[in-house]
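Welcome! Take a look at it first, and then follow the notes below one topic at a time.

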Amino acid sequence: MMAKINYKQISKKVFYLILPVIFAFLVGAILIVVSGHNPIEAYGAMFRGALVGKSALYNTLFSSTPIIVTGLAIAVAFKANLFNMGVEGQMYLGAFAAAYVGFTLKGLPPVLHVILCILAAVIVGGLFALIPGVLKGRFNVNEMVVTIMLNYVAILLTDYLTNFVFYSGEGYAATYPIEQSAYLPRFMKTSQLNWAFIIALIMACVVYYIFKYTRLGFEIKAIGHNVSFAEATGMNTRNKAIIIMVVSGMLAGIAGAGEVLGVHHRFIAGFSPGYGWDGMTIALLGKNNPIGILIAALFFGILKNGGSTMELMVGVPRSLISIIQGLIIFFLAVDYLNTEFGFMSRLKLMFRRKVRG
């Protein structure tokens, strides 16, 4: 007998999912009014620029692609209460590994070459995440501190390799170009959307399957809910912490490979505008659910792609998009504090005590 769908509960979850976005847009609307513009016109121009027309839609999906995968990478760790703040660095090393295989191996069939590049990114990203995984699992070292510090190691190492060891000599910090056999095909000439988007969708399906149908997914959820109970049932949480961090790093490596094989066709120093950090917001907004992450990443893609149209058509500076993203993060933090620590209830209690006193 099929389980009855609780539409009320689903509606409640969806409401709380979009509540930070609603608040951010309301504050953004106030700022638009203060600057002397019409918020309805501004937001209308933004959504039209991001969604109306095949080229606009493709560009929005292109903007969403890397943060889908980094969001998934962070969600895998976050769901187990492991804070992998090193997705940015793991992505950089994965991207460099993909580029190295891309320009080193020659004469390979296109499909095989792409697979080898992605495999190299997966291995290197996973191995780099193994370091904080082992430190956390074996020695109980704070993974947040370690992963943040390792970001600088990864970025500076790839900078050195790009500027000195594998410098292309073309006037900017980039490696040699990869072979054309390692290119990910694009969907149309007027957009940079490429098969990295399809890979991102596949990764979302894989993570969804892991969470819902595998033993590892059950263990991730069990550790996230109550690590002490998980240990009491006989689960080796130390080893699982290592495995979860490695899986997270592997996904981050795939995000980097997509940028190299589908967009730049070489490794460029500082290629990421903060995809790893954006992925954190995406994971939180999507509640660590692969479907929620896809929706949240698409929304951020709309913000990024539609911002330029809003500036051009209405005159509202695209910096407002950064403000809205920051507000979303702020309201997500408030929601997290309320969920985990009863933040709003405590504020109400304090207010009532002051009124009575």
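In α6, the buried residues are E143, V146, T147, L150, N151, A154, T158, L161 and T162. What covers them includes α4, α5, α10 (237-264) and α11 (275-285). Please keep in mind as you read that this is a predicted model.

**More on helix α6**

- Helix α6 runs over residues 143-165, which makes 23 residues.
- From its first C-alpha to its last, α6 reaches 31 Å, close to the 33 Å expected at 1.5 Å a residue.
- Several of the buried positions in α6, including V146, L150, A154, T158, L161 and T162, can be followed along the helix with one rule in mind. An α-helix has 3.6 residues a turn, so residues three or four places apart point the same way.
- At the start of α6, N142 has a side-chain oxygen within 2.8 Å of the backbone nitrogen of M144.

**How α4 and α5 pack**

- On the α4 side, the residues in contact are G89, Q90, L93, G94, A97, A98, V101 and G102.
- On the α5 side, they are H113, L116, C117, A120, A121, V124, G125, F128 and A129.
- Sorted by class, this contact between α4 and α5 holds 11 nonpolar and 6 polar residues, with no charged ones.

**The loop between α5 and α6**

- N140 sits in the loop that joins α5 to α6.
- Is N140 buried or exposed? With a relative accessibility of 60%, N140 counts as exposed, because the cut-off for that class is over 50%.
- N140 is not a glycine, and yet its phi is positive, at about 55°.

**The loop between α10 and α11**

- H265 is found in the loop between α10 and α11, and S272 has its place in that loop as well.
- H265 has a positive phi near 60°, although it is a residue other than glycine.
- At 15% relative accessibility, H265 counts as buried.
- S272 is buried too, with a relative accessible area of 10%.
- Which residues does S272 touch, not counting those up to four places away in sequence? They are E88, M91 and Y92.
- The side chain of S272 also reaches the backbone nitrogen of Y275, at 3.0 Å.

- Why does N288 count as buried? Its relative accessibility is 14%, and buried means under 20%, so N288 falls in that class.
- Leaving out residues up to four places away in sequence, N288 touches A75, F78, K79, F211, A283 and I293.

- L327 belongs to helix α13 (residues 319-341) and is buried, with a relative accessible area of 16%.
- L327 and V21 are 306 residues apart along the chain, and their C-alpha atoms are separated by 8.3 Å.
- Beyond its neighbours within four places in sequence, L327 is in contact with A24, V27 and G28.

Conventions: Residues numbered from 1 in each chain as written. Predicted model: local features only at pLDDT ≥ 70, side-chain atom pairs only at ≥ 80, totals over all residues. Heavy atoms only, no water. Contact = heavy atoms within 4.5 Å. Helix = DSSP H or I, 4+ residues; strand = E, 2+ residues; numbered from the N terminus. Nonpolar A, V, L, I, M, F, W, Y, C, P; charged D, E, K, R; others polar. Expected span 1.5 Å × (residues − 1). Buried < 20%, exposed > 50% of the residue type's maximum accessible area, 1.4 Å probe, protein only. Polar contact = N/O pair within 3.5 Å; in protein donor to acceptor, adjacent residues only side chain to side chain.
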